[in-house]
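Dear colleague,

I am handing over the structure we talked about, and you will find it just below.

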Amino acid sequence: MNKKILVSAVLALSSTTLFASNQTFQASINGWSEPTFAETNALHFGKIRLASGSTCTMDNAGAVTGDCDASDANIQLGGITVSGLAPNSAMNITVSGSSSANLTFAPATTATDGTSTETTANGVATAFTTDGSASDITINVYGQMSVDTALTAGADYSVDYTVDVSFQ
């Protein structure tokens, strides 16, 4: 009787391995390089009143209004070029302002690759899809600069802003 059980167990094991099979498959990806950023024009609002609460607003053509000197020769739209993009890539562009010891900057931007144009607001992710040839994206930066703490005449002041491109 023990021989019958042993023979049955051997047959069960051998029949299981006879019907087992496997195959190896591959998972793959395509490498995607990070975009590069270049500042083509440094954003400059020109002169602003020194008092706390002063505000200067720049439009998308570089014209300033408010508590700033509209005739200042230093006034310039900011310009950022984003390169190294893949064709037909969906992304979000977010431009965020910040505050320094004396200033607060709330950016607005216009992003274009010659085919598509999108306008962004401070800290708001805006959908953008590159064209079929992956042209560079040009981002014009403007917006509103506010004086939080009184400034000193003749001194230079600055505040950071961040350009973020994240892929969907």
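Through how many residues does a hairpin join β6 to β7? The hairpin that joins β6 to β7 runs through three residues. Please keep in mind that this is a predicted model, in which local features need pLDDT of at least 70 and side-chain atom pairs count only at pLDDT 80 or more, while totals for chains, interfaces and linings use all residues. Residues are numbered from 1 along each chain as its sequence is written, and side-chain values use heavy atoms, with hydrogens and water left out.

The protein has one helix and 11 strands, where helices (H or I, at least four residues) and strands (E, at least two) are DSSP runs numbered from the N terminus.

Strand β7 (residues 103-112) is largely enclosed by the rest of the structure, because seven of its 10 residues are buried, meaning under 20% relative accessible area with a 1.4 Å probe and protein chains only.

β7 also has several pairing partners, and two strands pair if DSSP finds at least two bridges between them. With strand β6 (residues 98-99), β7 pairs in the antiparallel sense over two bridges, and S98 has F105 as its bridge partner. Strand β8 (residues 117-120) pairs with β7 in the antiparallel sense over four bridges, and T112 stands opposite T117. β7 and β8 form a hairpin with four residues between them, and G114 in that turn has a positive phi of about 95°.

Best wishes

Technical notes
Buried means under 20% relative accessible area, exposed over 50%, partly exposed in between (1.4 Å probe, protein chains only).
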